[in-house]
Amino acid sequence: GLSVVSTDVFAVGSILGLNLMQEYFGLPAARKAIGINAILLLFYLASTQLFLAYTPNIWDTMHPHFVPVLTHMPRIIIASALVYFFVQLFDAQLYRFFKTFFKNKFLVGRNIISLLISQLLDTVLFTFAGLYGIIQAPLQVIIISYTIKIIVIMCSAPFVKLAKRIITTDETHS
């Protein structure tokens with residue numbers, strides 16, 4: 001019965017992936033991935049609006065169920081894209097700061113701290129920009145969503161260690 005956003009796990013995974021990309025392939029590669037993801041979000045927005053423009057045939061029993069879900073998509077996707085872009089850029093700079101501050105040590109700790117801060121920002125910004133007025137309990141969404149993100153972030157530690165073992169690069173990136 002609690003209000004929560006179902007994409008919390010994906011948001012954490014996305015930023016974790018970008019942190020690892022930055023760790024092993026540099027900030028320019030992470031910035032390119034951020035741009036590509038923003039373009040894909042806009043493509044999704046255009047696709048959903050095209051879908052809503054279809055006139056269903058008489059046998060289409062699913063179209064009426066998609067309409068209420070996709071009607072809010074422009075606001076949600078635009079808010080999501082803007083918040084995503086901002087938070088990804090913020091996290092890239094924050095991660096870079098931690099990497100320099102800790103002199104390339106404590107990879108798991110750097111990821112956890114960076115993710116905890118950036119995901120709090122992501123949760124608050126998206127809840128208000130994308131969902132305020134659509135959902136009934138924004139504060140509950142923030143608390144529950146961030147709690148889920150904390151759990152996922154803590155569970156990501158073994159994957160960060162595994163990535164460190166299997167990803168090798170010829171040069172160190174800052």
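Me: Which residues touch the most other members in the largest nonpolar core?
Reply: In this predicted model, Leu20 and Phe126 touch the most other members of that core, which holds 24 residues.

Me: And which elements give two or more residues to this core?
Reply: Those elements are four helices, namely H1 (8-25), H4 (73-101), H5 (107-131) and H6 (138-166), and of the elements it is H4 that gives the most, with seven residues.

Me: Back to Leu20, what is it in contact with, leaving aside neighbours within four places in sequence?
Reply: Once those neighbours are set aside, Leu20 is in contact with Asn111, Val160 and Ala163.

Me: Which residues are in the other core?
Reply: Apart from the largest one lies another core, made of five residues, and among them are Leu18, Ala33, Ile34 and Tyr84.

Me: Changing topic, how confident is the predictor, and where is the mean pLDDT lowest and highest?
Reply: The protein chain averages a pLDDT of 83, and 91% of the residues score at least 70; among the elements of the chain, H1 has the lowest mean, at 78, whereas H5 has the highest, at 91.

Me: Let's stay with H5, then. Is Ser118 buried or exposed?
Reply: Ser118, which is placed in helix H5, counts as buried because its relative accessibility is 0%, and the cut-off for buried is under 20%.

Me: What does Ser118 contact, beyond its neighbours within four places in sequence?
Reply: With those neighbours left aside, Ser118 is in contact with Ile15, Val87, Phe90 and Asp91.

Me: And Thr127, buried or exposed?
Reply: Thr127 also has its place in helix H5, and it is buried, since its relative accessible area is 1%.

Me: Which residues does Thr127 touch?
Reply: Not counting residues up to four places away in sequence, Thr127 touches Tyr132, Ile135, Pro138, Val141 and Ile142.

Definitions and conventions. Residues numbered from 1 in each chain as written. Predicted model: local features only at pLDDT ≥ 70, side-chain atom pairs only at ≥ 80, totals over all residues. Heavy atoms only, no water. Core = buried A, V, L, I, M, F, W, Y, C linked by side-chain atoms within 4.5 Å. Buried < 20%, exposed > 50% of the residue type's maximum accessible area, 1.4 Å probe, protein only. Contact = heavy atoms within 4.5 Å. pLDDT = per-residue confidence, 0-100.
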